[in-house]
Amino acid sequence: MICPKCNKTINLKQELFNKECPHCYFYFYLEDILRISVYSYSKIDYFEDVYFKNIHQRIYNPYIHYNEDIVEPIAGAESMINHFIALMKKLIRSYAKEDILFMMVAIREFATWKIFDKNPWVSVRTRIVSHVITNVVASINEEEFGDTAISDETDFVSLFVYAEEIDKISRNIDNSKSFKWSPTLTQLIKTDIEIKELSDYHSYYEAEEFNKPEEITFDDVHINHFLEKREFSIHQIKGKVGKEIEKLIGFSFENLLAFREKVVEIAEKHEQIFEIAPLSDDVSMKVVFVFKEQLEGWDGPLERILEYLAYKPTKIKSNAIYNFSDTYLDYKFIFELENILAFGILDSSNSITMFENIVTTDHFIEEIFGSRATRTFQKAQNDIAYLMGMSIAFQFSKRDDYFVPMQEKNVPYVNIKSIVGNGIKKRIFNSQNQDLGDFDAVIIDKKNKNIIIYEIKYFKPSMYSRDLILKDRKILEDIPKIIARQEWMEEHVIELIKAWELEEGDYTVETKLMTARPNFYSNEINKVNKKLSYVIYNEVLRDI
């Protein structure tokens, strides 16, 4: 690579660089600090019991001993967060700001590899660490940083442990305020406090590998033709959203992919790709760096992409010290410092897919676009719910022991508005002639003579506990309408048997309320409503 300051050649592998140029030296030792970052976090991954036990004995036990009976628990926990922030700042200040931030690029790449390594919980924790540290760095004045070269991992093991503790305590504080808990100081700072529902909810994200409904495709030519004709295929849905994105913020999904491709191309050409952790002989975690001037020939909307997808720290409010971990940073992947851009190879690809799925499902929309968000995103969410119904029905149609109504060859009848066939035409209206809506999907278990109604809601997972209470609860409002449709089906089983030419007999009717992602009130739905059960799209596909 060529140093942009002294214009001399830097060859990292041969240790060839201008030792009198500070920029040359920075790029030479950059690869080392990226590796230190990943190896430091790997140590926590392998020896977390040792590190966190040390925190408990060295910090928590004395603090609790002197404060448990005299300090209000939440105030005491907030004080502990401030203590960890102070410790982090003390560790960080001797180093250069850019070194710390670029270490977070490596951490993000490590986090993404953990997803593909079937270890999503470590991935979640690692991303949280990058959020917390980036936000703490942003809270320190520029002139307070030093210029000490990073050569040892000890400080960074401590830094990452402190960041995880900040996140744990802040979540406990947030949950306690949202759910009106009354925990002790010991519980707040020493444990992850969770009620059963919250534990169940989080376990899905930390342990389950999801089939993403925003990536639904079919291996059947008839269904694909049917969907394409009606503009319901997933690529058409995303295409409409992509056009809306371009209109609102000035770049498309294609622009984003082209940007990443161009950066990688430039980095490869100028040897600006850094290996941070070899995984095998031919596979390694890699980070790319480019200078903005190297992109001057690219005619894409660079500044618009950076405005929305650069990893900018959150503006922390003075009265919200527990907001250092910010989930809204998850889809951002570009680290920008002065004229340098950097990102992880695998993380960038994953983040672009994540961003595409996020906007297609109307998630984070208000946070990204504010008042400019339009109905296009909401319609995409409804269209994906339709695809979920089609996907479930299609999988059941392959089984001989199930019957699925069809509207064309190999195309299941979903969003059923009336029962039609053999001289029967029965609309889903009640005795007062009120429209009860439609059945999203109906599956007949022929062996057990059971009619299964799937009611499908494209549900966006809440990111904060206060949203669990406010937003997730809205699903309960739909249950009376769902029960009314089930009761209609129970009253008209004879017509359905005749219309769909089913075997005669006594049929039972059950309803499964299905969402794309877990809902916090799933246990309550199952407990309170005898006539329906709650399921997740992922679980249904797995069990078919």
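**View 1. The second largest pocket and the elements that line it.** Four elements, α13 (365-369), α14, β11 and α16, each supply at least two residues of the lining of the second largest pocket, where helices (H or I, at least four residues) and strands (E, at least two) are DSSP runs, numbered from the N terminus. The model shown here is predicted, and local features need pLDDT of at least 70, side-chain atom pairs count only at pLDDT 80 or more, while totals for chains, interfaces and linings use all residues. Residues are numbered from 1 along each chain as its sequence is written, and side-chain values use heavy atoms, with hydrogens and water left out. A pocket is an open set of points on a 1 Å grid over the protein atoms alone, where a 1.4 Å probe fits, with protein on both sides within 12 Å along at least five of seven lines, and lining residues have an atom within 4 Å of a point. The volume of the second largest pocket is about 1200 Å³, a volume being the space filled by probe spheres set on the grid points, which are joined across faces, edges and corners. Of the 43 residues that line the second largest pocket, Gln378, Gln381, Asn382, Tyr458 and Phe459 are the closest to its centre. Helix α14 gives the largest share of this lining, nine residues.

**View 2. Strand β10 between its two partners.** The antiparallel strands β5 and β10 (residues 441-445) are joined by two bridges, with tyrosine 402 opposite aspartate 445 and phenylalanine 403 opposite isoleucine 444. On to β11, which is also antiparallel to β10, there are five bridges, and here valine 442 stands opposite isoleucine 453. The hairpin of β10 and β11 has four residues between the strands, and in it lysine 449 takes a positive phi near 50°. How many of the five residues of β10 are buried? Five of the five are, where buried means under 20% relative accessible area, calculated with a 1.4 Å probe on protein chains only. Both faces are covered, with Ala441, Ile443 and Asp445 buried on one side and Val442 and Ile444 buried on the other.

**View 3. The open sheet of four strands.** Here the order is β1-β2-β4-β3 and the pairing is antiparallel. Because β1 (273-278) and β3 stand at the edges with a single partner strand each, one side of each is left without a neighbour in the sheet. From one strand to the next the twist averages 20°. Three bridges join β3 to β4, and phenylalanine 335 has alanine 342 in β4 as its bridge partner. Helix α10 packs on this sheet, touching β1, β2 (284-291) and β4, with its direction at about 90° to that of β2.

**View 4. Phenylalanine 160 in the largest nonpolar core.** A nonpolar core is a set of buried Ala, Val, Leu, Ile, Met, Phe, Trp, Tyr and Cys residues joined through side-chain atoms within 4.5 Å. The largest one holds 88 residues, of which Ile133, Phe160 and Ile189 touch the most other members. Helix α1 (residues 22-67) gives the most to this core, with 14 residues. Leaving aside neighbours within four places in sequence, phenylalanine 160 is in contact with Ser37, Ser40, Tyr41, Ile44, Met104, Ile107, Val129 and Ile133. Another core, of 70 residues, lies apart from this one and has Ile334, Ala441, Tyr537 and Val540 among its members.

Technical notes. Pairing = 2+ DSSP bridges. Buried < 20%, exposed > 50% of the residue type's maximum accessible area, 1.4 Å probe, protein only. Contact = heavy atoms within 4.5 Å. Axes fitted to C-alpha atoms, helices over the stretch in contact; angles between N-to-C directions.
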